[in-house]
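I opened this entry to work through one complex, chain by chain. My notes follow in the order I looked things up.

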Amino acid sequence: MARQLVKNPLSLIGIIIIVVFAILAIFAPLIAPIPEGHRDPYMIPRDGYSATPQPPNEEHIFGTTEGQYDIFYGVIWGTRSAFRVGLVVIGIVVAIGIVLGSLAGYFGGVLDEIIMRITDIFLAFPALILAMAIVAAIGPSLRSVMIALIVVSWPSYARLIRGDILQVREEDYIEASRGLGASSGRVIIRHALPNSIYPTLVMASLDIGAIVLAAAALSFLGLGAPEGYADWGQLTSFARNWIVGPPGNSLKYWYAVTIPGLFILFFVLGWNLLGDAFRDILDPRLARR
Amino acid sequence: MENLVTIRDLAVRFYTYEGVVHAIDDLDLDIRQGETLGIVGETGSGKSMTALAILRLIPYPGRIESGSIVFFDRDGGGELELLTLSEGRMRSIRGNKISMVFQEPGSALNPVYTIGDQISEVFLLHRRQELGHRAKQRVESLLSDGSGLADSVRRPFWRWQRRLYNKIAQKSHPVEPRLLSHIPLFRRLLWRLQDEASLLTVNMLKDVEIPDPARVAVHYPHELSGGMKQRAVIAMALACSPKLLIADEPTTSLDVTIQAQMLELFRRIKADTGASVLFITHNLGVAAEVCDRVAVMYAGRLCEIAGVEEIFLHPSHPYTKALLDAVPMPGKELQTIPGALADALNPPPGCRFHPRCPSATPMCQQERARLKEVAKDHMVACHLC
């Protein structure tokens, strides 16, 4: 599997991007040292209160954004926020999806009907609007963003797993293992799930990028982390008024929006390439030699 | 001869959107100790449903409507009414006392586990105590043989293992190992159970005449040929030396030479273990080859049941006669049975075969024929006999 991953140039690029981001996140305190006397390392240090962004200079190598927040510090520590949001949300969503989806798919009948109608209710709302409403209701913070994203994304996972379990459930080996005296729990965990989990893993790796993008969008709308929290969405949000510079020099404040934007772009791109690679490797219809 | 399984008045119905399907209707059937009973019939005649009903695995929306299935277990248990047992008791019978071989060996094996893993699972499900006992003995021999520095470091760990396996060997549901076996990483601590199970597995594979069993055990199903897979499936079914082996068309998807090998294997297994075999097939040649008695089913009902020679030499039911005529013979034009299999949603009244029967009488259209004995051990359900 590792060899297949490395052989494909696109998946190799994906791996490199994600590994670089992981290194940035792990060594954040070394790359962007926490200033002395600074209490919360996730709050971006600021250098004054002037609204106008300052271009890159020796002290702030990526410049500062509105409110003199240091962009370099923000994007480096923001990598940690991005990983946290992406992995935690996807982890919980996949766990919920596996439990509910396999119960619905395997047992069918009334249980299936109840769980699927609940997912229908959630899927009936536009995801981002529902997430905004949830964040607005429980108060803006990074945790509310994560809760909101979990609430809006579990139904599609429950659906996906249910469908795959439904398909696998009819296979002879499921009946054979029941005929050999295995209990329902054992059949689901040992026989049904290992044969139906791959599409979910692929979708999960593709979705990490989408989740981070949605979190950034919520932060951009001012519904995410508290002001000054290291978060890429927040940084782009600060740059909202500085996308276009003064007449005659419209690219004057390019760094304020481009740098956090590029971080988001590469992070999402990395996960997407990795997800495609996973699909090629894990999907037995494409990869069984 | 004593009966191993006695089925009385069994009715299985499927509640579908189109209506109620009478998959099995008032079936009486005895499986005797140590015999091979063949069930033959067309597709949809209820052969497989009879097998699944014995295991109580009728798929949704089917239900066992009424009747009784008594399983007589000589070594403990005594007479068991399978239809009223709790699901837990039933699970301890499936794969242990009664097991099943499925038609398609390719799809009866889980593609993501090795052959060895899948057969071991049966031992881990039903032979836990025995495995615990074996594992305990192994640890004890380690404790008595072990010497040197490395072993004295491992000694406390071995003592703990001995206590653990002792618990497994003694009670069937000890708390501590049970807790362990449910937590993914801790499950590894019980690896000795798995080792013992894989030893038994290799023996089992040897028993079904798989060459180089230790190597085959670590292969995945897709790496084996159809015949090997079927042998592995049979090994899985025989793992716990069941009293009754149900074989649902075990040779249908194999080519003829492999079929012959399988039939030989079934004969040998029966001679070795003394198990009864319920052999479901639509191939009359196969039935003649392996069975002691043959039951003929049509549209969910039993038509005729007799010893294998009796039924082939003196078929009494018109359906049996027609089936025997429909066997292709060189130099003879193929005789088919006119009409189609009875519609299970709206079965014809009276004898279900009457619309296709060459000698049907008005009585056949109204009244259902009961089984009656026309010769010794030869029962027929027909008004004309």
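What pattern does chain A follow, read along the sequence? I read α-α-α-α-α-α-α-α-α-α-α-α-α. The tally for chain A is 13 helices and 0 strands. I keep in mind throughout that this is a predicted model.

**Confidence**

I checked the scores before going further. The predictor gives an ipTM of 0.79 for the complex, and a pTM of 0.79. For chain B I noted an average pLDDT of 85, with 94% of the residues scoring at least 70.

**Chain A overall**

I took the extent of chain A along the principal axes. Its C-alpha atoms fill a box of roughly 75 × 45 × 40 Å. Chain A has 289 residues, and 44% of them count as buried. I then looked at contacts in chain A with a separation of 6 or more. Of these, 69% are between residues 24 or more positions apart.

**Helix α6 of chain A**

I looked up α6(A), residues 127-138. This helix has 12 residues and reaches 17 Å from its first C-alpha to its last. That is close to the 16 Å expected at 1.5 Å a residue. Just after α6(A) comes A:Gly139, where I read a positive phi of about 95 degrees.

**A:Ile189**

I found A:Ile189 in helix α9 of chain A, residues 184-192. Is A:Ile189 buried or partly exposed? I counted 15 other C-beta atoms within 10 Å of A:Ile189, so this residue is partly exposed. I also took a distance to A:Pro126, which is 63 residues apart from A:Ile189 along the chain. Their C-alpha atoms are separated by 33 Å.

**Nonpolar core**

Next I searched for the largest nonpolar core, and it has 180 residues. The residues with the most contacts inside it are A:Leu149, A:Val212, B:Ala235 and B:Leu278. Which helix gives the largest share of this core? It is α4 of chain A, residues 71-107, with 16 residues.

I followed up on B:Ala235, leaving out residues up to four places away in sequence. B:Ala235 touches B:Ile119, B:Met204, B:Leu205, B:Asp207 and B:Val208.

**Interface**

How many residues of chain B are in contact with chain A? I have 22 residues of chain B against 15 residues of chain A. On the chain B side, α2 (87-93), β6 (98-101) and α3 (115-126) each supply at least two residues. The most comes from α3(B), with 3 residues. By type, the chain B side divides into 12 nonpolar, 7 polar and 3 charged residues.

**Strands of chain B**

I traced the pairing around β4(B), residues 62-73. Strand β1 of chain B, residues 3-16, runs antiparallel to β4(B), and 8 bridges join them. Within β4(B), B:Ile64 stands opposite B:Val12. β4(B) also pairs with β5(B), residues 78-81, in the antiparallel sense over 4 bridges. There I noted B:Phe72 opposite B:Glu79.

B:Glu81 also lies in β5(B). It has 11 C-beta neighbours inside 10 Å and therefore counts as exposed. B:Glu81 touches B:Ser68 and B:Val70, not counting residues up to four places away in sequence. From B:Glu81 to B:Phe71, 10 residues apart along the chain, the C-alpha separation is 6.3 Å.

A cis peptide bond joins B:Tyr60 and B:Pro61, with omega of about 5 degrees. B:Pro61 sits in the loop between α1 (47-55) and β4 of chain B.

Two glutamates went on my list for phi. B:Glu209 is not a glycine, yet its phi is positive, about 65 degrees. I placed B:Glu209 in the loop between α7 (191-207) and α8 (213-217) of chain B. B:Glu209 is partly exposed because 14 other C-beta atoms lie within 10 Å.

For B:Glu249, phi is near 45 degrees, again positive in a residue other than glycine. B:Glu249 lies in the loop between β7 (244-248) and α10 (256-273) of chain B. Why does B:Glu249 count as partly exposed? Because I find 19 C-beta neighbours inside 10 Å, and buried would take 20 or more.

Note on methods. Residues are numbered from 1 along each chain as its sequence is written. Chains are lettered from A and ligands numbered from 1 in the order in which they are written. This is a predicted model: local features need pLDDT of at least 70, side-chain atom pairs count only at pLDDT 80 or more; totals for chains, interfaces and linings use all residues. Two residues are in contact if their C-beta atoms, placed from the backbone, lie within 7 Å. Ala, Val, Leu, Ile, Met, Phe, Trp, Tyr, Cys and Pro count as nonpolar, Asp, Glu, Lys and Arg as charged, and the others, Gly among them, as polar. The expected span of a helix is 1.5 Å times one less than its number of residues. A nonpolar core is a set of buried Ala, Val, Leu, Ile, Met, Phe, Trp, Tyr and Cys residues joined through C-beta atoms within 7 Å. A residue is buried if 20 or more other C-beta atoms lie within 10 Å of its own, exposed if 12 or fewer, and partly exposed in between; C-beta atoms are placed from the backbone. Two strands pair if DSSP finds at least two bridges between them. pLDDT is the predictor's confidence in each residue, from 0 to 100.
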